[in-house]
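Ready for some practice in reading how helices pack? Keep the structure in view and work through each exercise before you look at its solution.

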Amino acid sequence: MHQTQHHIGVVLEQICLQARLTAEAVARRSGFAPCDVADFLSGKRFPSSLFILRFAQISGTDPQLLFKVWEDEHERLSG
């Protein structure tokens with residue numbers, strides 16, 4: 001079975017690298033389970049809008065930019 005990798009995971013992972021954040025730190029600070037954060041960052045699962053908001057706050061990323069990427073992919077997946 002082919003597993004889809006979500007593009008937003010690549011974006012989130014790159015932001016983590018730039019911000020020097022580990023998945024564990026994101027999980028701890030966001031309130032999301034470490035296994036969920038790992039799945040979001042690896043692109044295995046599509047993150048919720050709440051995660052995107054918290055991730056933007058934690059990483060210091062512009063939330064509007066992250067939501068644009070999130071919305072674009074969400075529309076592609078829904079369409």
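## Exercise 1: two crossing helices

α1 and α5 cross in a left-handed way; a crossing gets this name if the near helix is turned anticlockwise from the far one by less than a right angle, and is right-handed if clockwise. This is a predicted model, in which local features need pLDDT of at least 70 and side-chain atom pairs count only at pLDDT 80 or more, while totals for chains, interfaces and linings use all residues. Residues are numbered from 1 along each chain as its sequence is written, and side-chain values use heavy atoms, with hydrogens and water left out.

Task: describe how the axes of α1 and α5 are placed and which residues make the contact.

Solution. 
- Step 1. Locate helix α1 at residues 7-19 and helix α5 at residues 63-78. Helices (H or I, at least four residues) are DSSP runs, numbered from the N terminus.
- Step 2. The two axes come within 9 Å and cross at roughly 160 degrees. Angles over 145 count as roughly antiparallel, so α1 is roughly antiparallel to α5.
- Step 3. From α1, the contact uses H7, I8, V11, L12 and I15; from α5, it uses L66, V69, W70, E73 and R76. Contact means heavy atoms within 4.5 Å.
- Step 4. Sorted by class, these are seven nonpolar, one polar and two charged residues.

## Exercise 2: a second pair

Task: find how α2 and α3 are oriented, and which residues meet.

Solution. 
- Step 1. Helix α2 (residues 23-30) and helix α3 (residues 34-42) have axes 9 Å apart, at an angle of about 125 degrees.
- Step 2. A23, V26, A27 and S30 of α2 meet P34, V37 and L41 of α3. Six of the contact residues are nonpolar, one is polar and none is charged.

Notes: Axes are lines fitted to C-alpha atoms, for helices over the stretch in contact, and angles run from 0 to 180 degrees between N-to-C directions. Angles under 35 degrees count as roughly parallel, over 145 as roughly antiparallel, 65 to 115 as roughly perpendicular and the rest as oblique. Ala, Val, Leu, Ile, Met, Phe, Trp, Tyr, Cys and Pro count as nonpolar, Asp, Glu, Lys and Arg as charged, and the others, Gly among them, as polar.
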